[in-house]
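Please look through the sequence and the model shown here. The text below goes through a few of its parts in turn.

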Amino acid sequence: MSDTDRPNLHAPFTQEPPGPLAPATRRRLRSRLLATLEPDRDGILLLEHDNVVWASGFDHSRSERPVGLWLPADGDVPTLFVPRLEQEHAAQVDGVRPEVYDEYPGLRPPLTWIHERIVAGASGSRVRVAVDAIDLRWSEALRQQGADLIASDAAVRARSVKEPEELALIRLAAGYADRVLFWLLEEGGARIDDGASEADLLQASVSAARQVMDADLAERFPASTLHLVGTVHSGPQAALPHGRPGPRRPTVGEVVIAGIGAKVGGYHAESGATFVVGEPDADTARCLRTADACGRAAIAALRPGVRCDAVNEAAWGVLREAGLGDAIRHRIGHGMGVQGHEAPWLAPGDGTEVAPGMAFSNEPGIYRPGVDGYRTIDSMIVHDDRIEIPSRFQATVPWDRRTLASYASR
C-alpha cells in the first residue's frame with residue numbers, strides 16, 4: 001500500500017456528524033410500533049431494556065428494578081414507569097409522562113403497581129395489554145389478579161426497519177470499527193515483530209480508534225452511547241468463532257482474525273477481516289478468496305422481497321461448492337441497531353422478507369478446528385435499489401493485501 005493510499009488514522013471527523021436521535025424521531029418510532037400492534041390490544045407495555053431505550057431514548061442503567069414504557073393504542077402520551085432513584089433522569093425524557101415507584105422488591109411489587117396505573121389511566125376497568133417480555137412468575141401473578149396480557153413481537157417487527165436517522169448512526173459506527181482494522185493493517189506487523197500478543201493487538205488497536213471517536217463525538221453523545229469492542233485471535237485459536245484474545249503471539253504464516261463492533265448514539269455496526277502474518281500460502285489464499293466470494297454472494301442475494309433464510313443459503317452455497325461445507329459454524333449474518341445482534345436473522349429458519357431500511361451484518365466464516373479460521377464482516381444497509389456497505393475496510397483493502405508485516409518491509 002502506497003503512502004497516498006494509506007488512511008490517516010488520526011485525522012478527526014471531517015464532516016458534521018449526526019447527533020442523538022431527536023424527540024421527533026422517537027415519536028415516529030413509537031408510531032411505527034403502534035401501527036404493527038395487534039388490533040385487539042389497548043396498548044403495549046415495553047419491559048425489555050433495549051425496547052424501552054429504542055422507543056423513548058431513556059438510556060438507563062439496567063438492573064433488577066423494572067422499567068416500563070406504556071404506549072396506549074389511541075396515541076395518548078406514553079407513560080414511563082421508573083424506580084425513584086431514576087426519577088430525575090426520567091424527567092428529562094421528552095414526550096413521555098414519568099411515574100415513579102419506591103423500590104424493588106418493595107411492599108407492593110412494581111409490575112403489579114405498573115398494571116394498576118395502566119388500568120387507572122384507561123377509560124374502562126379492563127385493559128387488554130400487549131407486552132414484549134415478562135418473567136413467567138409475574139405474568140402468572142398478574143393474570144391471577146385479572147390482568148389481560150398477551151405476548152407481542154410488535155417491537156421486534158417495528159425495530160427491524162430503521163428510520164434514516166438511525167441508519168446515519170449505524171453508518172457512523174461502521175467507520176470507527178473500520179479504524180481498528182486500518183490500525184492493525186498499518187501497525188500490527190511491527191507490533192507482532194516486537195512480540196505483541198493477541199490481547200496486546202486488540203488493546204492497542206481499539207484504544208487508537210477510541211481516541212479518535214472520543215475526540216470526534218464525546219461532546220455530542222453521552223458516554224454510555226459510545227463504545228468499541230472486539231476480538232483478535234490467531235492460528236489454531238482462529239478456529240473458534242468466539243475466540244478470546246489472550247497471551248498467544250501470532251507467528252509468520254498464521255492468520256489473525258479481527259472482529260470489531262462499534263456503537264455510536266446507541267446504534268451498532270460491525271467490521272472485520274482476516275489478516276495473514278507475512279504472505280499467505282496456497283491453502284490460506286484459497287480460504288481467503290472463498291470467504292470473499294461468500295460475502296459477495298450474500299450482498300448479491302440481499303434485496304427487498306427476498307427471505308432472510310434464502311440470503312443465508314446463497315452465501316453458504318459458495319462455501320459448500322468450495323468443499324468447505326464442514327467448516328461452517330454459524331449463520332451468515334444478523335440484524336443490527338440498538339442491539340449489536342437483533343432480528344431479523346440471515347439464518348436458517350428466518351422467513352422474514354428483506355425490506356428497505358433494514359441493516360445487517362455479513363459474516364462469512366470458515367473454521368477448521370486445530371488448524372485455523374477465517375471470518376470477514378461487513379455492515380449492510382438495504383435500499384430500494386441497492387445494498388449500501390457502510391463498513392469500507394474490505395472495499396478499500398482487497399483480501400490479498402491484508403498482510404501484516406513490519407512497516408520497514410513494505
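Strand β9, residues 267–277, pairs with β17 in the parallel sense, and the pairing runs over two bridges. Val276 has Thr403 of β17 as its bridge partner. These strands belong to an open sheet of four strands with mixed pairing, in the order β7-β8-β9-β17. Its edge strands are β7 (227–234) and β17 (403–404), each of which pairs on one side only.

The model is a predicted one, and the confidence values should be kept in mind while reading it. The mean pLDDT of the protein chain is 94, and 95% of its residues reach 70 or more. Residues 1–13 have a pLDDT below 50, and this stretch has 26 contacts in the model beyond near neighbours in sequence. Where pLDDT is low, the predicted coordinates should not be read in detail.

Is Val255 buried or exposed? Its relative accessible area is 3%, so Val255 counts as buried, the cut-off being under 20%. Which residues surround Val255, leaving aside neighbours within four places in sequence? Val255 is in contact with His233, Ser234, Gly235, Ala238, Thr274, Phe275, Val276, Thr284, Asp372, Gly373 and Tyr374. Val276 in this list is the residue whose bridge partner in β17 is Thr403. Arg84 lies elsewhere: its C-alpha atom and that of Val255 are separated by 52 Å, and the two residues are 171 places apart along the chain.

Another strand to look at is β12, made of residues 359–362. Both of its faces are covered: Ala359 and Ser361 are buried on one side, and Phe360 and Asn362 are buried on the other. Strand β12 pairs with β15 (residues 378–382) in the antiparallel sense, over four bridges. In this pairing Phe360 stands opposite Met380 of β15.

The last stop is a loop. Asp132 sits between β5 (128–131) and α5 (136–144). Not counting residues up to four places away in sequence, Asp132 touches Leu45, Leu46, Leu47, Glu48, Asn51 and Ser152.

Note on methods. Residues are numbered from 1 along each chain as its sequence is written. This is a predicted model: local features need pLDDT of at least 70, side-chain atom pairs count only at pLDDT 80 or more; totals for chains, interfaces and linings use all residues. Side-chain values use heavy atoms; hydrogens and water are left out. Buried means under 20% relative accessible area, exposed over 50%, partly exposed in between (1.4 Å probe, protein chains only). Two strands pair if DSSP finds at least two bridges between them. pLDDT is the predictor's confidence in each residue, from 0 to 100. Contact means heavy atoms within 4.5 Å.
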